[in-house]
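Subject: Structure handover

Hello,

Here is the structure you will be taking over. Please open it first, then read the notes below it.

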Amino acid sequence: MRSSRGISHTHVGSLHAPDATLAVRNARDLYTRRNEGVSIWVVPADAITTSDPDAKGAFFESPAGKNYRHASYYTKSEGVKHL
Amino acid sequence: MTIPPVPYAIDPDNAATVSAEEQQFNDLIAADSRIEPRDWMPDGYRKTLIRQISQHAHSEIIGMQPEGNWITRAPSLKRKAILLAKVQDEAGHGLYLYSAAQTLGISRDLMTEQLIAGKARYSSIFNYPSPTWADMGAIGWLVDGAAICNQVPLCRASYGPYGRAMVRICKEESFHQRQGFEILLELMNGTPAQREMAQDSVNRWYWPALQMFGPPDDDSPNSAQSMAWNIKRFSNDDLRQRFVGMLVPQAEVLGVTLPDPDLRWNEEKGAYDMGEIDWTEFHEVLAGRGPANARRLQRRRDAHDEGQWVREAAAAYAAKQAVKAVA
Ligand SMILES: [Fe+2]
Ligand SMILES: [Fe+2]
């Protein structure tokens, strides 16, 4: 669902429907009763490919320990303006 | 009073036999983090959640009936629109919760079957009739009010999909309680007959609403384990006490009397003392012998049967379109 212009779509929930057209309508009824969205995408659950939850340690290992990728790693410039 | 032993998530004497995945589950719970659908979890945790979430979903679905009953007879177009919106919300709540339960491996069809076969439980409160318009007020104020009190802490439940469903539900609930309060307030500002109708309704719903928090702590065997798993955050009695504390000043604004002669402020404990709750009645209603159990289930069964042709037609249409798309 896109909650308003300028915001990306985010996942809001699941539902059952016999086909894609009805899925969009059901999603409107179920998830936008209070103007929560201006655009809806639906995706069949079996069309989603995911990372393996059991392998998450190894899979996401690369960024670990690389805190020099964050601005907060660089402390010597503290107090210097506009940096 | 006997307090059941607290089952610890981690048994220090048994540490060696804890598998790596179980250790990870325990660590996540200890850190007050969230468990997600594809994480390993103990069988008991899964079963407890399936039971609790599906019962909760069934309660939302059956809970549409006492109010749905009044949609065609609401006293004005405005009230009709409000009531319709509220009942529609409850349908939505049921669907959010069925989706959350499905992530634990139970199918929607099985849950529906369990409900219409009378094998599943739902909140005992919905087995009371709603004979007057004032009941729409008392249900919103007391029943949705108690539900909110119960549900706000569930937004932090350790199972991710459940907590997320509860966040969505809680956002929608406060309108339910306020519209009920307003119905009562309008009646209390009306004729003597209207005031009497409002008071009578509060008299009938007050005690069943207090029972919604479940049996007293010393008679609630599963509570300790649910608390250890961070599913439940406060005990039944604590939540009930908190609810009564909020109701008393609201009842004063309304000008209604809460039907408990023993209700009085206890300076020492800084909370209200209240009278005995009739737990025999609670267990009777839960066992299916309440004033409207049979009617509620029959209505649900009929609705399911009457919707059969719609489900079949939608599936047939979808199948036909799929064939066309391939051709
Ligand atoms: Fe609800
Ligand atoms: Fe509600």
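Start with Gln211(B), which sits in helix H8 (residues 192-211) of chain B. Helices here are DSSP runs of H or I, at least four residues long, numbered from the N terminus. This is a predicted model, in which local features need pLDDT of at least 70 and side-chain atom pairs count only at pLDDT 80 or more, while totals for chains, interfaces and linings use all residues. Residues are numbered from 1 along each chain as its sequence is written, chains are lettered from A and ligands numbered from 1 in the order in which they are written, and side-chain values use heavy atoms, with hydrogens and water left out.

Gln211(B) counts as buried because its relative accessibility is 2%. (Buried means under 20% relative accessible area, exposed over 50%, partly exposed in between, with a 1.4 Å probe and protein chains only.) Its side chain reaches the backbone oxygen of Asp278(B) at 3.2 Å. Beyond neighbours within four places in sequence, Gln211(B) has contacts that include Tyr128(B), Arg240(B) and Trp279(B). Contact means heavy atoms within 4.5 Å.

Next, the metal site. The iron ion (ligand 2) is coordinated by Glu90(B), Asp144(B), Glu173(B) and His176(B), at 2.0 to 2.7 Å. Donors are N, O and S atoms within 2.8 Å of the metal (3.2 Å for Na, K and Ca); water is not among the atoms, so sites may look incomplete. The iron ion (ligand 1) lies 3.4 Å from the iron ion (ligand 2), and Glu90(B) coordinates both. Glu90(B) is in helix H4 (residues 77-102) of chain B and His176(B) in helix H7 (residues 160-188) of chain B, so the pair ties together parts 86 residues apart in sequence. Glu90(B) is buried at 5% relative accessibility. His176(B) is buried too, at 0%.

Last, the interface. Chain A brings 16 residues to the contact and chain B brings 18 residues. About 1400 Å² is buried between chain A and chain B, with 46% of that from carbon and sulfur atoms. Buried area is the accessible area (1.4 Å probe) that two parts lose on being put together, summed over both. In chain A, His16(A), Arg33(A) and Arg34(A) lose the most area to chain B, together 36% of what that side buries. Four salt bridges cross the interface of chain A and chain B. (A salt bridge is a side-chain nitrogen of Lys or Arg within 4 Å of a carboxyl oxygen of Asp or Glu.) Arg34(A) and Glu172(B) meet in a salt bridge at 3.5 Å, N to O.

Best wishes

Notes
Helices (H or I, at least four residues) and strands (E, at least two) are DSSP runs, numbered from the N terminus. A polar contact is a pair of N or O atoms within 3.5 Å; within protein, one must be able to donate a hydrogen and the other to accept it, and residues adjacent in sequence count only if both atoms are side-chain atoms.
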